[in-house]
2 protein chains.
Amino acid sequence: MSQDASSEGDLRNTGMSLKHDREWDYELERIIDAIEERDAKRVGLQFPEGLKRRGPAVADDLRQRCDDDVTFMLSGQPCYGACDLDTYLMRRTDVFVHFGHSPMKESDKIIYVPLFSNVDPFPIMEESLEKIEGDEVGLVTTAQHMNRFDDMCDWLEERGYTVQTRKGDDRLTYEGQVLGCNYASADIPADDVLYVGGGKFHPLGLAMEHPEKNVVIADPVNNVVTLADTRKFMKQRYASVHKAMDAEKWGVIFCTKIGQGRMEIAEKILEDNENAYLITMDEVTPDRLRNFAMDAFVNTGCPRITTDDGPRFHKPMLTPQEYRIAVGDEPLDSLKFDTFHGTW
Amino acid sequence: MSQDASSEGDLRNTGMSLKHDREWDYELERIIDAIEERDAKRVGLQFPEGLKRRGPAVADDLRQRCDDDVTFMLSGQPCYGACDLDTYLMRRTDVFVHFGHSPMKESDKIIYVPLFSNVDPFPIMEESLEKIEGDEVGLVTTAQHMNRFDDMCDWLEERGYTVQTRKGDDRLTYEGQVLGCNYASADIPADDVLYVGGGKFHPLGLAMEHPEKNVVIADPVNNVVTLADTRKFMKQRYASVHKAMDAEKWGVIFCTKIGQGRMEIAEKILEDNENAYLITMDEVTPDRLRNFAMDAFVNTGCPRITTDDGPRFHKPMLTPQEYRIAVGDEPLDSLKFDTFHGTW
């Protein structure tokens with residue numbers, strides 16, 4: 001699982017090397033203003049995984065600017081997306097700051113600091129043009145590069161492209177933004193979609209959701225241009241579905257995270273299958289599921305756990321649609337990427 | 001970490017072999033009565049780790065006895081003790097059953113099923129007598145064997161022993177009961193304490209808390225008698241304290257689990273040490289802490305994470321008292337086992 005900014009610097013499986021030092025805008029003044037305005041005594045700070053190591057330094061910078069009686073609390077909960085709010089900390093602090101993601105839903109309680117990147121996207125966009133086949137192109141990126149989105153559109157148009165952009169749905173904050181679980185911003189007519197951003201996590205999801213499109217990755221962080229290739233993932237999906245066809249006992253996972261609950265889907269499966277058992281949890285990990293004696297799992301929570309971490313689980317883990325294929329309710333060739341819509 | 005009934009059958013590090021099949025009393029009728037009485041539609045079932053695989057069968061047995069419109073939900077959250085309540089599930093179900101532990105505090109919301117064991121403790125108690133040095137002996141056990149506690153007392157008295165028992169404090173349900181974090185029931189004058197129960201987890205904690213006592217383990221599950229030997233643990237504790245003496249940046253862990261919060265201790269450390277950072281989390285795991293760039297950690301939550309899992313963390317992890325030793329506020333020879341008192 002790595003749908004956050006942090007994973008963009010994770011080079012383990014990319015064959016890429018890091019070129020640019022990256023810097024983020026932590027928006028300290030906005031946070032200080034909120035602390036003063038609310039006369040806050042307890043301030044919660046939540047960072048995505050790969051930026052947690054920056055947390056203490058950010059806390060130091062904030063402490064220097066605040067009264068001594070303000071306590072800063074760093075969330076130690078895993079965090080991979082805007083759906084991954086530390087609600088415990090949120091409810092027990094006067095100011096709660098969530099770094100690295102944009103709002104899935106507005107809330108007065110939460111200060112979202114998307115951590116805009118200072119990386120220059122244009123050199124790598126220049127390189128990416130030779131992979132774009134048509135003269136109409138969709139443009140998408142992540143929260144970190146949204147501060148340059150309009151410039152990117154202009155830049156492409158100056159080079160003769162018709163740029164198609166779209167604000168996906170309520171789950172997304174910005175026009176052209178993608179999430180690990182939502183690529184509605186790529187529902188545009190163009191056959192080419194240009195993804196500008198670090199890593200392959202988002203463009204691979206996009207290509208799974210839109211298998212007919214040519215997804216070009218312009219990665220300004222790792223300084224590389226590639227095409228999204230979903231073959232490995234799709235093979236794994238079909239293999240998991242086939243393995244699960246023999247399953248008798250099904251564990252139906254309901255994720256309790258604020259942005260990941262799909263109870264109606266879980267309850268429908270339980271109604272139709274007397275060998276299905278509902279299991280509720282926040283973090284869906286191999287360790288937690290190993291203790292249940294199930295033959296297969298269907299995950300109604302984050303689809304990226306299923307597709308990206310699937311092979312790490314001891315039993316096949318399917319998306320809800322893959323489950324319907326495995327039990328014979330839908331044909332195998334209908335297999336589609338699982339996405340999340342709406343908010344919480 | 002393994003302070004639950006389940007760990008009693010975990011033979012990985014004991015060199016013991018399992019002799020008796022074990023059976024537990026799931027008290028299904030009591031649960032059914034509660035479901036009917038409350039006309040419950042959603043029923044939550046929480047099992048400790050090693051018994052999670054029994055969950056589906058227990059759910060099946062309950063389903064057979066209930067109307068079709070009752071939905072059973074199995075908690076997939078890690079569970080190692082009575083302090084480990086799945087509060088999410090508890091708040092969202094009409095009946096919530098917590099198996100394997102006794103109440104830390106009464107709550108109408110929770111049905112505690114301690115899972116009394118049917119193992120006969122007396123053959124192994126007979127063997128254990130030769131390790132008891134005096135004629136006064138303290139007797140302690142876990143929730144699973146509480147149904148035989150009075151019999152055990154009588155049995156010892158019939159053999160000429162003066163049996164000393166004690167109900168510890170509010171954290172404990174029964175006279176003579178121990179928890180992984182609380183051995184107040186062994187605060188008795190006798191030099192010998194007989195622990196009847198499975199595994200070494202509890203008696204090792206007891207021996208760390210009461211280093212002057214001869215702690216005899218009569219284990220009816222693994223059918224073995226041993227003496228609690230804390231030397232390995234104590235060496236690890238001193239080694240961790242020594243390593244942490246060089247630490248500059250300290251992560252101060254506040255555990256958000258309902259029975260593990262000691263904020264006043266955490267805040268005291270923060271007040272006195274400007275290089276200390278408060279980190280809040282529910283599960284305290286090596287993975288979660290690895291992302292914080294700290295030199296050492298002090299864990300105000302479960303002491304058994306610190307002592308039993310300590311070596312699995314990438315940096316030294318200390319109890320609050322060990323922290324005070326490491327920073328020079330207390331002498332090294334004052335080192336004591338960390339315990340929890342009160343409820344939540």
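Two strands count as paired if DSSP finds at least two bridges between them. Helices (H or I, at least four residues) and strands (E, at least two) are DSSP runs, numbered from the N terminus. This is a predicted model, where local features need pLDDT of at least 70 and side-chain atom pairs count only at pLDDT 80 or more, while totals for chains, interfaces and linings use all residues. Residues are numbered from 1 along each chain as its sequence is written, chains are lettered from A and ligands numbered from 1 in the order in which they are written, and side-chain values use heavy atoms, with hydrogens and water left out.

**View 1. Two chains share one sheet.** Here 8 strands line up as β4(A)-β3(A)-β1(A)-β2(A)-β11(B)-β10(B)-β12(B)-β13(B), an open sheet with parallel pairing. At its edges sit β4 (110–113) of chain A and β13 (317–318) of chain B, each of which pairs on one side only. Look for helix α1 (residues 28–37) of chain A too: it packs on the sheet and touches β1 (42–46), β2, β3 (95–99) and β4 of chain A. (Contact means heavy atoms within 4.5 Å.) The direction of α1 makes about 170 degrees with that of β4(A); such angles run from 0 to 180 degrees between N-to-C directions, and the axes are lines fitted to C-alpha atoms, for helices over the stretch in contact.

**View 2**

**View 3. The wider interface.** In all, 39 residues of chain A are in contact with 39 residues of chain B. About 3,200 Å² is buried between the two chains, with carbon and sulfur atoms giving 52% of that (buried area is the accessible area, 1.4 Å probe, that two parts lose on being put together, summed over both).

**View 4. Charges across the gap.** Side chains of opposite charge can pair when their charged atoms come close. The rule finds 2 salt bridges across the interface of chain A and chain B (a side-chain nitrogen of Lys or Arg within 4 Å of a carboxyl oxygen of Asp or Glu). In one salt bridge, B:Glu267 meets A:Arg42 at 2.9 Å, N to O. A:Glu267 forms another with B:Arg42, where the closest N and O atoms are 2.9 Å apart. A:Glu267 lies in helix α8 of chain A and B:Arg42 in strand β1 (residues 42–46) of chain B, so this pair joins two chains.

**View 5. A second sheet, in chain A.** Now 5 strands make an open, mixed sheet in the order β6-β5-β7-β8-β9. Both β6 (162–164) and β9 (224–227) stand at the edges with a single partner strand, so one side of each has no neighbour in the sheet. The twist averages 25 degrees from one strand to the next. Inside, β5 (residues 136–141) and β7 (residues 192–196) of chain A run parallel over 5 bridges, with A:Gly138 partnered by A:Val193. Helix α5 (residues 149–158) of chain A packs on this sheet, touching β5, β6 and β7.

**View 6. A hairpin in chain B.** Strands β8 (residues 214–219) and β9 (residues 224–227) of chain B run antiparallel, joined by 4 bridges. Together they form a hairpin with 4 residues between them, and B:Asn223 in the turn has a positive phi of about 60 degrees.
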